[in-house]
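Please read them beside the coordinates.

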Amino acid sequence: MKFTLLDQCSAVRHLVSEKKSEVDCGFSLALHTGEPREKIVKNRTILTDHFGTDSLFVGIRQVHGDTVHAVTETKERGWATLLDAVEADALITDLPQMVLTILTADCVPILLYDPIAGAIGAVHAGWKGTQTEILPKTIAKMQEKYGSKPQNILLAIGPAIGQCCYEVGEEVARHFMDYMGAVLAGKVAGKYQLDLKRVNQLQALEIGINVENIEVTPLCTSCAKNRFFSYRAEQGCSGRFLSAIKLV
Ligand SMILES: [Zn+2]
């Protein structure tokens, strides 16, 4: 799938991959979940068709932390193997050719583009990353490195587990009580329904991103598990779909 907001911009190319039953591993793009590496690498080459043959991809070892890695070398990393991957949960760059990639299956993938500064970002925000404000930290690093201004940044929040399907306990919900509408009482006593996409949207608004510059897909990975991998709905699936962005 694509975001309308980013699709209108001729200086970036982006994509959120969807399952393909006719491709190995349902078109999973993750190297870390035990699928045969050669199959995943073959799946990854399919993305070159979309992003162009000059593309250099960057994959990361995502650890639910709050490290933002700035890509400063025109060099592929974490793509053919994870051995040379950086440990981080967000990527930023102002280099053309570089494709920033994030893998998810229920966590929130976020793509960023600053057309004025000519910079992009990609964020992996699970509940821990959201709690530690990885998105605001990514934007702060874009400000520091590229002089980005929040009011210029376009932000696209991708398919993730929706409030409809994301039941959490008090120990998780308590971190998000201050976010209006993001936490609802659950169907079972002591449980809550959490809207992580909403929390990230509110964090972005809080630091000055314009409301019209934010696109939030309504797609829930659990409800749409025929299109996207869902860790919860598939009870620990090994597949991951990819969200990626590149300056052209
Ligand atoms: Zn749902």
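Is K137 buried, partly exposed or exposed, by its relative accessibility? K137 counts as partly exposed, at 34% relative accessibility; buried means under 20% relative accessible area, exposed over 50%, and partly exposed in between, with a 1.4 Å probe and protein chains only.

1. Basis. This is a predicted model, in which local features need pLDDT of at least 70 and side-chain atom pairs count only at pLDDT 80 or more, while totals for chains, interfaces and linings use all residues. Residues are numbered from 1 along each chain as its sequence is written, and side-chain values use heavy atoms, with hydrogens and water left out.

2. K137 and its partner. D66 and K137 form a salt bridge with the closest N and O atoms 2.4 Å apart; the term stands for a side-chain nitrogen of Lys or Arg within 4 Å of a carboxyl oxygen of Asp or Glu. D66 lies in the loop between β3 and β4 (68-70) and K137 in helix α4 (residues 134-146), so the pair ties together parts that are 71 residues apart in sequence. Here helices (H or I, at least four residues) and strands (E, at least two) are DSSP runs, numbered from the N terminus. D66 is partly exposed, at 31% relative accessible area.

3. Other salt bridges. The count by this rule is 7 salt bridges. One of them joins the side chains of D24 and K42 at 3.8 Å, N to O. D24 sits in the loop between β1 (12-16) and α2 (37-51) and K42 in helix α2, so this pair ties together parts that are 18 residues apart in sequence. D24 is partly exposed at 29%, whereas K42 counts as exposed at 53%. The side chains of D7 and K2 also meet in a salt bridge, at 3.6 Å, N to O; D7 is partly exposed at 46%, and K2 is partly exposed at 38%.

4. Zinc site. The protein donors of the zinc ion are the SG atoms of C164, C165, C220 and C223, at 2.3 to 2.4 Å from it. Donors are N, O and S atoms within 2.8 Å of the metal (3.2 Å for Na, K and Ca); water is not among the atoms, so sites may look incomplete. The 4 donor atoms subtend angles of 104 to 113° around the zinc ion, which makes the arrangement tetrahedral; for four donors that term requires all angles to lie between 85 and 135 degrees. Along the chain the donors follow the spacing C-C-x54-C-x2-C. C220 is buried at 5% relative accessible area, but C223 counts as exposed at 56%.

5. Largest pocket. A pocket is an open set of points on a 1 Å grid over the protein atoms alone, where a 1.4 Å probe fits, with protein on both sides within 12 Å along at least five of seven lines; lining residues have an atom within 4 Å of a point. The largest pocket is lined by 27 residues, and H64, A105, C107, H124 and Y231 lie nearest its centre. β11 gives the largest share of the lining, 3 residues.

6. Backbone. Q97 is not a glycine, yet has a positive phi of about 80°. Q97 is placed in the loop between β6 (90-93) and β7. E133, in the loop between α3 and α4, has a positive phi near 60° and is likewise a residue other than glycine.

Technical notes
Tetrahedral: all angles 85-135°; square planar, octahedral: opposite > 155°, others 65-115°.
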